[in-house]
Amino acid sequence: MTMATGAPIHRVVLITATEPEPRSFGKQVVLGGILDHLCHRLGPDQVHVIIVGRTGIDRPPVRYQRHVIAKPTAVEQAGAVLQRVVRPPHTSLQEAALWSARVLAAIAEQLAEIRADLQIWDTMRTGQYARYMGRKPRALYADDLFSKRYASMLDRIDQDQSEVTDPLGEFGKLLPRAVGRVVERKFVYRRLLQLEQASTARSEDQAPELFDATLLVNAQESDELYERTGNPTISTLLPMLREPARHVRGWDGQPVFVFLGGLDFAPNRDGLTWFLATFREQVLAAIPDFRLLVVGRGSSRPLPEAAAWGEHVQVLGWVDDLDEVLGSCAALLSPLRMGSGTKIKVLEALARGLPVVATRAGVMGLAVDESDGCLVAPTDSELVGLLARAVQPDTNAALSAAARDSWGRNYSPAVVGPAYDDAFGLAPVRDAG
């Protein structure tokens with residue numbers, strides 16, 4: 001699908017409630033890739049970002065033009081819940097958490113000053129404001145289908161009654177702390193997930209009518225939304241990651257694996273805790289020297305299931321140099337059981353020629369298998385055997401080469417870039433030859 005704006009695109013504005021920098025989790029990586037591409041194609045002076053977030057804080061320097069609007073106060077949020085969730089238009093809680101008449105006016109004023117040729121709205125949290133603006137060429141970066149994420153969480157709870165923490169994900173940071181503590185209670189968040197699933201599904205179905213293009217990172221979810229709405233402006237936009245600084249792996253043959261992902265994100269924490277609680281005896285019997293490095297934000301929270309593993313599990317938290325950590329490991333372990341969208345962690349591994357051992361949910365959104373350097377377990381019981389295969393030197397070398405080749409053929413910036421031009425209606429790059 002090509003976004004037809006009717007006029008050349010010279011200036012773009014992205015409206016978001018997520019800080020694009022530093023790129024410490026998947027959503028930031030995706031937004032950063034969009035902004036990198038726009039800055040490369042249009043020039044940094046022509047790329048603007050409106051952030052609805054905290055004011056008065058230090059932010060890292062960026063190439064593009066940044067504008068900050070103060071996020072809704074606790075009082076504004078409470079009023080929005082009463083006026084927009086309890087009463088019509090019956091929006092989702094995540095939309096209400098970002099709603100404010102003051103923010104609406106501030107965004108409108110900022111857009112009038114920027115006068116962009118194209119507006120990119122980051123999910124319906126900010127996209128809800130677009131319906132109150134004059135119609136301009138605009139795209140919705142929908143990320144993934146949040147309704148499917150909530151449905152998968154509910155399925156997991158119903159299957160084993162496991163506790164799903166932080167069920168609302170990144171947007172939960174917009175809520176007042178007192179509300180966040182209430183949401184964490186199991187008897188509250190299960191009902192809340194049911195309500196959010198229904199309300200976000202309704203919002204997802206309405207969104208394509210408001211925008212010239214609706215973009216998701218998962219092709220299956222794009223197809224599903226098209227089937228639900230019949231709207232032809234829905235398409236898929238794969239995440240664009242930067243080329244790693246180093247491509248040469250430094251693996252020394254030791255059975256060291258890495259889990260990559262924020263543990264304040266429910267699917268990540270659920271998958272890791274499930275693996276640690278379920279497979280200790282089997283893993284150590286098959287790989288006595290097994291070690292797992294846990295990398296990602298939120299790992300300062302207690303991880304009780306790791307205690308029994310002793311020195312076999314090391315929690316590193318956030319690291320500045322992913323190249324060094326990923327390059328020294330045998331493989332990425334992605335034992336997820338639920339979620340939505342596309343697994344950025346797998347792309348991070350492929351870019352560095354790092355083999356992947358995963359459950360089916362652990363490679364969600366990516367059509368990968370052993371020919372792409374990924375060993376995907378058809379059943380949970382086969383996961384340990386794949387870990388053992390991945391540390392065999394010849395197998396690991398073949399998987400590493402396949403991973404890097406798959407990255408180059410399918411996911412590198414050179415391959416994905418033209419799809420970004422198409423999605424945002426940018427003039428194609430002319431071949432110098």
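Biologist: What are the ground rules for the numbering and the side-chain values?

Modeller: Residues are numbered from 1 along each chain as its sequence is written, and side-chain values use heavy atoms, with hydrogens and water left out. The model is predicted, so local features need pLDDT of at least 70 and side-chain atom pairs count only at pLDDT 80 or more, while totals for chains, interfaces and linings use all residues.

Biologist: Which residues is Ala 427 in contact with?

Modeller: Contact means heavy atoms within 4.5 Å. Leaving aside neighbours within four places in sequence, Arg 41 and Asp 421 are in contact with Ala 427.

Biologist: What does Ala 17 touch, leaving out residues up to four places away in sequence?

Modeller: Ala 17 touches Val 52, Leu 98, Asp 122 and Thr 126. Ala 17 sits in the loop between strand 1 (12-16) and helix 1. The C-alpha atoms of Ala 17 and Asp 122 are 7.6 Å apart, with a separation of 105 residues along the chain. For the protein chain, among contacts between residues at least 6 apart in sequence, 69% join residues at least 24 apart.

Biologist: Why do Arg 115 and Asp 143 get a mention for phi?

Modeller: Most residues other than glycine have a negative phi, and most peptide bonds are trans. Phi of Arg 115 is near 55°, and phi of Asp 143 is near 70°. Arg 115 is in the loop between helix 4 (101-114) and strand 4 (118-122), whereas Asp 143 lies in strand 5.

Biologist: How do you know whether Arg 115 is buried or exposed, and whether Asp 143 is buried or exposed?

Modeller: Arg 115 has 66% relative accessibility, so Arg 115 counts as exposed. Asp 143 has 11%, so Asp 143 counts as buried.

Biologist: Which peptide bonds are cis?

Modeller: Among them are the bond from Glu 21 to Pro 22, with omega near -5°, and the bond from Pro 88 to Pro 89, with omega near 15°. Pro 22 is found in the loop between strand 1 and helix 1, and Pro 89 in the loop between helix 2 (74-86) and helix 3.

Biologist: What makes a space a cavity or a pocket?

Modeller: On a 1 Å grid over the protein atoms alone, a cavity is a set of points where a 1.4 Å probe fits but cannot get out; a pocket is an open set with protein on both sides within 12 Å along at least five of seven lines. Lining residues have an atom within 4 Å of a point. By this rule there is 1 cavity of 30 Å³ or more.

Biologist: What volume does the largest cavity have, and which residues lie nearest its centre?

Modeller: A volume is the space filled by probe spheres set on the points, which are joined across faces, edges and corners. The largest cavity holds about 170 Å³. Its lining has 17 residues, with Met 124, Phe 146, Thr 200, Ser 203 and Glu 204 nearest the centre.

Biologist: What about the largest pocket?

Modeller: The largest pocket holds about 1200 Å³. Of its 50 lining residues, Ser 24, Phe 25, Gly 26, Val 29 and Ile 344 are closest to the centre. Helix 1 gives the most to this lining, with 4 residues.

Biologist: What makes a set of residues a nonpolar core?

Modeller: The members are buried Ala, Val, Leu, Ile, Met, Phe, Trp, Tyr and Cys residues joined through side-chain atoms within 4.5 Å. The largest nonpolar core has 57 residues, of which Leu 38, Val 258 and Phe 424 touch the most other members. Helix 1 (residues 26-42) gives the most to this core, with 8 residues.

Methods. Buried < 20%, exposed > 50% of the residue type's maximum accessible area, 1.4 Å probe, protein only. Helix = DSSP H or I, 4+ residues; strand = E, 2+ residues; numbered from the N terminus.
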